[in-house]
Amino acid sequence: MKQFLLATFLTFGLQFAGAKEDLQNISLKVTDKGFEPSEIKVKPGTHVVLKVTRITDDTCATQIQIKEKKIKMKLDKDIEATVDLGIIKKGDIRFACGMDMISGHIVAE
Ligand SMILES: [Cu+2]
């Protein structure tokens with residue numbers, strides 16, 4: 001019983017510590033080459049916020065969508081859009097233009 005209680009406290013304590021999350025703002029640009037950078041590496045458990053600026057009209061990426069997170073946002077030219085992805089679990093998250101052609105991904109490993 002004592003051990004059970006200790007384990008419970010430990011779990012609680014860890015979750016509490018986890019509330020102090022790692023927040024990472026990542027700048028992304030949409031250029032005539034697509035998303036730059038197109039590959040982003042983060043540590044699993046990181047709270048990722050993308051700051052996306054489209055700097056060209058010569059692109060079809062006037063929107064960004066992240067299907068996995070059910071996010072779709074308009075990208076106005078030269079205006080930074082904030083895309084909050086929340087906590088990223090281990091794995092790969094794809095982001096793409098509104099038509100799912102131009103894309104990039106976030107790798108958490
Ligand atoms: Cu497109």
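The model is predicted, so local features need pLDDT of at least 70 and side-chain atom pairs count only at pLDDT 80 or more, while totals for chains, interfaces and linings use all residues. Residues are numbered from 1 along each chain as its sequence is written, and side-chain values use heavy atoms, with hydrogens and water left out.

**The sheet**
- Four strands form an open sheet in the order E2-E1-E4-E7, and the pairing is mixed. (Strands are DSSP runs of E, at least two residues, numbered from the N terminus; two of them pair if DSSP finds at least two bridges between them.)
- At the edges you'll find strand E2 (34-36) and strand E7 (81-87), each pairing on one side only.
- On average, neighbouring strands here are turned by 25° against each other, direction ignored. (The axes are lines fitted to C-alpha atoms, and angles run from 0 to 180 degrees between N-to-C directions.)
- Strand E4 (residues 47-54) pairs with E7 in the antiparallel sense, over six bridges.
- Take Val48 as an example: its bridge partner in E7 is Gly86.

**Thr31**
- You'll find Thr31 in strand E1 (residues 23-31).
- Thr31 is buried, at a relative accessible area of 11%. (Buried means under 20% relative accessible area, exposed over 50%, and partly exposed in between, using a 1.4 Å probe and protein chains only.)
- Leaving aside residues up to four places away in sequence, Thr31 touches Glu36, Ile55, Thr56 and Thr59. (Contact means heavy atoms within 4.5 Å.)
- The Thr31 side chain also reaches the backbone nitrogen of Lys33 at 3.0 Å.

**Salt bridges**
- Side chains of opposite charge can pair when their charged atoms come close.
- The structure holds six salt bridges. (That's a side-chain nitrogen of Lys or Arg within 4 Å of a carboxyl oxygen of Asp or Glu.)
- One of them joins Asp57 and Arg54 at 3.0 Å, N to O; Asp57 is exposed at 57%, whereas Arg54 is buried at 8%.
- Arg54 and Asp57 also belong to a salt-bridge network with Lys77.
- Asp100 and Lys67 meet at 3.3 Å, N to O. Asp100 sits in the loop between strand E8 (91-96) and strand E9 (103-108), and Lys67 in the loop between strand E5 (63-66) and strand E6 (71-74), so the pair ties together parts that are 33 residues apart in sequence.
- Lys41 and Glu39 make another salt bridge, with their closest N and O atoms 3.9 Å apart; Lys41 is exposed at 59%, and Glu39 is partly exposed at 43%.

Note on methods
Polar contact = N/O pair within 3.5 Å; in protein donor to acceptor, adjacent residues only side chain to side chain.
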